[in-house]
Amino acid sequence: MARIAGVNIPTQKRVEIALRYIHGIGPHIAKQIIDQLGIDPARRVSDLTESEVIQIRETIDRDFLVEGDLRRDVAMNIKRLMDLGCYRGLRHRKGLPVRGQRTHTNARTRKGPAKAIAGKKKVTK
């Protein structure tokens with residue numbers, strides 16, 4: 001099992017697909033990496049030599065922000081918005097949708113499970 005950027009990538013998948021298991025690498029960047037290194041897209045991770053795995057690892061470390069560093073960078077950007085007190089920061093702080101979505105209905109992912117309204121009790125006779 002090849003370990004790249006702190007992630008064990010699956011050995012039975014094609015290289016282009018397996019690289020996507022690393023946070024911060026999607027289809028476009030995975031294709032860019034294998035094109036840059038001249039690796040055949042149809043090859044499996046198990047077929048790679050140790051030197052090719054090292055080349056991939058070095059390329060990712062040198063050229064891309066991935067895994068922990070990327071997560072930290074995103075978290076710092078969100079924290080900066082919240083500290084500024086801008087509209088997007090306030091929405092993050094309140095746990096509401098940030099990018100203009102409606103909240104009257106929907107938005108359950110950000111708002112959490114629906115809460116019952118504590119109000120009138122039903123009168124029985």
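**Reading the elements, packing and burial of a predicted model**

From the N terminus on, the elements of the protein follow the order β-β-α-α-α-α-α-α.

Q: What kind of model is this, and how are its residues numbered?
A: This is a predicted model, in which local features need pLDDT of at least 70, side-chain atom pairs count only at pLDDT 80 or more, and totals for chains, interfaces and linings use all residues. Residues are numbered from 1 along each chain as its sequence is written, and side-chain values use heavy atoms, with hydrogens and water left out.

Q: How many helices and strands does the protein have?
A: Helices (H or I, at least four residues) and strands (E, at least two) are DSSP runs, numbered from the N terminus. The protein has six helices and two strands.

Q: What does the radius of gyration show about the protein?
A: The radius of gyration is taken over C-alpha atoms, and the globule rule is 2.2 Å times the number of residues to the power 0.38. A compact globule of 125 residues would have a value near 14 Å, whereas the protein has 23 Å. Along the principal axes, its C-alpha atoms fill a box of roughly 80 × 40 × 20 Å.

Q: How is the packing of two helices described?
A: Two packed helices are described by the angle between their axes and the distance between the axes. Here the axes are lines fitted to C-alpha atoms, for helices over the stretch in contact, and angles run from 0 to 180 degrees between N-to-C directions. The axes of helix 4 (residues 67-84) and helix 5 (residues 87-94) come within 7 Å and cross at roughly 105°. Helix 4 is therefore roughly perpendicular to helix 5, a term for angles of 65 to 115 degrees.

Q: Which residues make the contact between helix 4 and helix 5?
A: Contact means heavy atoms within 4.5 Å. Helix 4 contributes I78, L81, M82 and D83, and helix 5 contributes R88, G89, H92 and R93.

Q: Is T59 buried or exposed?
A: Buried means under 20% relative accessible area, exposed over 50%, and partly exposed in between (1.4 Å probe, protein chains only). T59, in helix 3 (residues 50-63), is buried, with a relative accessible area of 3%. Leaving aside neighbours within four places in sequence, T59 is in contact with Q36, L37 and F64. Of the 125 residues of the protein, 28% count as buried.

Q: What is the phi of E67, and what is that of N106?
A: E67, in helix 4, has a positive phi of about 50° although it is not a glycine. E67 counts as buried at 16% relative accessibility. N106 lies in the loop between helix 5 and helix 6 (108-111). N106 has a positive phi of about 70°, and it is not a glycine; at 52% relative accessibility, N106 counts as exposed.

Definitions and conventions: Angles under 35 degrees count as roughly parallel, over 145 as roughly antiparallel, 65 to 115 as roughly perpendicular and the rest as oblique.
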